[in-house]
Amino acid sequence: MSTFNRSEKRLFDQRGFTLMELLVVLAILGLLMGLVGPQVLNQLGGAKTKTAAIQVKDLEQSLEIYKLDVGSFPTSEQGLDALVRKPAGVVGWNGPYLKSDVPLDPWNKEYMYKYPGERVELDISSYGQDGSPGGEGEDSDVGNWN
């Protein structure tokens, strides 16, 4: 049989939290998530739109370098793929102009490219989350003319 001194006995007497304490903590966490959660989700959505805008600018800059080497932008038929693979019959191509393949937009869809463009010299765009023209918030279009 072993004997315990007072400090060792106190350690064994402390068992943890009561059920009531745990329920109060869970209720507080639930309230916080109810208030903060929607704000966090809104920020996440804005981040995808900002990411798309940054990728569009990067693609536009790569196309400018392509134009310096080749003398003109790739045609709509050649598309953005001309930044990573030499199109047939192109003289002066010094690529690849991207470190990897052409990125997908944050919603896993291909960027649209048109040269000559309808809004500016060349159009690079994404239709956003819904994949259709127009929309607001996450569904809004992102392009190099914005």
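Visitor: What joins the side chains of Lys-57 and Glu-60?

Guide: Side chains of opposite charge can pair when their charged atoms come close. Here the Lys-57 and Glu-60 side chains form a salt bridge, at 3.7 Å from N to O. The term asks for a side-chain nitrogen of Lys or Arg within 4 Å of a carboxyl oxygen of Asp or Glu.

Visitor: How many salt bridges are found in the whole structure?

Guide: The search finds five. One of them pairs Lys-67 with Glu-121, whose closest N and O atoms are 3.4 Å apart. That pair links distant parts of the chain, 54 residues apart: Lys-67 belongs to helix H2 and Glu-121 to the loop between S1 and S2.

Visitor: Are Lys-67 and Glu-121 buried, exposed or in between?

Guide: Lys-67 is partly exposed at 29% relative accessible area, and Glu-121 is partly exposed too, at 44%. Buried means under 20%, exposed over 50%, and partly exposed in between (1.4 Å probe, protein chains only).

Visitor: Which residue forms a salt bridge with Asp-101?

Guide: Its partner is Arg-85, with the closest N and O atoms 3.6 Å apart. Both residues are in the loop between H2 and S1, so their pairing ties together parts 16 residues apart in sequence. Shared partners then join Asp-81, Arg-85 and Asp-101 into one network of salt bridges.

Visitor: Where is Pro-103, and which residues does it contact?

Guide: Pro-103 is in the loop between helix H2 (19–70) and S1. Neighbours within four places in sequence aside, Pro-103 contacts Gln-55, Leu-59, Leu-98 and Tyr-111, contact being heavy atoms within 4.5 Å. The C-alpha atoms of Pro-103 and Val-56 are 9.8 Å apart, although 47 residues separate them along the chain.

Visitor: Where is confidence lowest and where is it highest?

Guide: The predictor's confidence in each residue is its pLDDT, from 0 to 100. Helix H1 (residues 6–13) has the lowest mean, 60, and strand S1 (residues 112–114) the highest, 93. The protein averages 84, and 86% of the residues score at least 70. Where pLDDT is low, the predicted coordinates should not be read in detail.

Key:
Residues are numbered from 1 along each chain as its sequence is written. This is a predicted model: local features need pLDDT of at least 70, side-chain atom pairs count only at pLDDT 80 or more; totals for chains, interfaces and linings use all residues. Side-chain values use heavy atoms; hydrogens and water are left out. Helices (H or I, at least four residues) and strands (E, at least two) are DSSP runs, numbered from the N terminus.
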